[in-house]
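Have the sequence and the three-dimensional view open side by side while reading.

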Amino acid sequence: MTGIAFEDFTPGAVIEGGPITVTREELVAFAREFDPQPFHLDETAAEATFVGQLIGSGWQSAGFGMRLLQKHVFRGATSMGSPGVLQLRWLRPVLPGDTLGISVKVDSCRASNTKPDRGFVRFDLTLRNGRDEAVMTQAFTVMFARRGATPLPPRVVNPIEPSAPAEGTDAVQLDFLADAPIGVARDLGHHLFTPEAIVAYAKAYDPQAFHLDPAAARETHFGALCASGWHTAAVWMKRLHITRARDMALTARSGPVPQLGPSPGFRDMRWLAPVYAGDTLRYACALTAKRRSASRPGWGLATHHNTAVNQHGTKVFEFTGSVFWQWEG
């Protein structure tokens, strides 16, 4: 990992980057893979939704932010990864044809207390469109190697013999938010992270060495090819929709199906352990709080906690999110 180091960042510094222009085709392609909601897929279908127009997935906006971060803040080099995101807010939708850029402020820098080869940099990122409107803000931490320090040895990663998990067949009745029970976890099923999918996502959104090339990854502290944290998060969304499709089909047999709207953001996202090629994650989602929306009649705002564990039962990922959800039928 060369080209960028902990010592290259100074609290208070601001780094600008961009632009990139996003196309309808890439917005729809991402949505088909990870976030197939009507307002991400088709203009006509979007007109009848909470949003009213075709917009990009917020998870893809995070990916665009990561692409710009790696190019302009990391200078095209490789960091040592991120332990997580303190808070992310989606302020405005990304539309087809939007031109995006970032402004990144260095909030603080601190050397690791336990690992002398690295330090932590806290950033505040704003993603803006070509109209100079903020579309996303993000507060997060990244680890960087310390210049001149002797690196700790890479992790020892045992090869995994992957096996494709069987898709679930279970389904549960979907409630409108007013009636939805607090604290009940919904199993979202399993996902196998293949080397091909890890590299494909990284090429599009997070082109760092440990996500792109198995040989290069072995020389990093991760010790093997591993998935981008944003890939792990996007797959949570993918699993939510796959599971929800079964639940919607069951619910439609006896009455109306409650709709979901967009999400204003999330907090406390933690990438707790690497997700290696061949790992299978099991995702879950639980409603933790709810309130009726004062600004959107008929809708409420749901708070949900989400987790993923790997095939060893180790929790590797979690965050607390929010989403607009129809309040009652």
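In this predicted model, helix α4, residues 58-73, packs against helix α5, residues 195-205, with the two axes 8 Å apart and an angle of about 70 degrees between them. Angles from 65 to 115 degrees count as roughly perpendicular, so α4 is roughly perpendicular to α5. On the α4 side the meeting residues are Gln60, Gly63, Phe64, Met66 and Arg67, and on the α5 side they are Tyr201, Ala204 and Tyr205. Sorted by class, the residues of this contact are five nonpolar, two polar and one charged.

Helix α4 also has a contact with α1. The axes of α1 and α4 cross at roughly 120 degrees and come within 10 Å. That angle makes α1 oblique to α4. From α1, the residues Glu26, Leu27 and Phe30 take part in the contact, and from α4, Trp59, Gln60, Phe64 and Arg67. Four of the residues in this contact are nonpolar, one is polar and two are charged. The crossing of α1 past α4 is right-handed. Gln60, Phe64 and Arg67 are listed for the contact with α5, and they are listed for the contact with α1 as well.

Val104 lies in strand β3, which covers residues 99-111. Is Val104 buried or exposed? Its relative accessible area is 0%, and anything under 20% counts as buried, so Val104 is buried. Which residues does Val104 touch, leaving aside its neighbours within four places in sequence? They are Ala13, Val14, Ile15, Leu69, Val73, Phe123, Asp124 and Leu125. Two of these contacts, Leu69 and Val73, fall within the residue range of α4, 58-73. Glu26, by contrast, is 25 Å from Val104 in space, C-alpha to C-alpha, and 78 residues from Val104 in sequence.

The last topic is charged side chains. How many salt bridges does a search of the whole structure find? The search finds 20. One of them joins the side chains of Asp8 and Arg147, with an N to O distance of 2.9 Å. These two residues are 139 residues apart and belong to distant parts of the chain: Asp8 is in the segment before β1 (14-21), while Arg147 is in the loop between β5 (134-145) and β6 (185-192). Asp8 has a relative accessible area of 24% and is partly exposed, whereas Arg147, at 51%, is exposed.

Another salt bridge is formed by the side chains of Arg24 and Glu43, at 2.7 Å from N to O. Because Arg24 is in helix α1, residues 24-34, and Glu43 is in helix α3, residues 43-47, this pair ties together parts that are 19 residues apart in sequence. Arg24 is partly exposed, at 30% relative accessibility, and Glu43 is partly exposed at 35%.

Lys315 and Glu318 also meet through their side chains in a salt bridge, with 3.3 Å from N to O. Lys315 is partly exposed, at 37% relative accessibility, but Glu318 is buried, with a relative accessible area of 7%. Elsewhere, salt bridges with shared partners connect Glu167, Asp170, Arg186, Arg239, Arg246 and Asp247 in one network.

Notes. Residues are numbered from 1 along each chain as its sequence is written. This is a predicted model: local features need pLDDT of at least 70, side-chain atom pairs count only at pLDDT 80 or more; totals for chains, interfaces and linings use all residues. Side-chain values use heavy atoms; hydrogens and water are left out. Axes are lines fitted to C-alpha atoms, for helices over the stretch in contact, and angles run from 0 to 180 degrees between N-to-C directions. Helices (H or I, at least four residues) and strands (E, at least two) are DSSP runs, numbered from the N terminus. Angles under 35 degrees count as roughly parallel, over 145 as roughly antiparallel, 65 to 115 as roughly perpendicular and the rest as oblique. Contact means heavy atoms within 4.5 Å. Ala, Val, Leu, Ile, Met, Phe, Trp, Tyr, Cys and Pro count as nonpolar, Asp, Glu, Lys and Arg as charged, and the others, Gly among them, as polar. A salt bridge is a side-chain nitrogen of Lys or Arg within 4 Å of a carboxyl oxygen of Asp or Glu. Buried means under 20% relative accessible area, exposed over 50%, partly exposed in between (1.4 Å probe, protein chains only). A crossing is left-handed if the near helix is turned anticlockwise from the far one by less than a right angle, and right-handed if clockwise.
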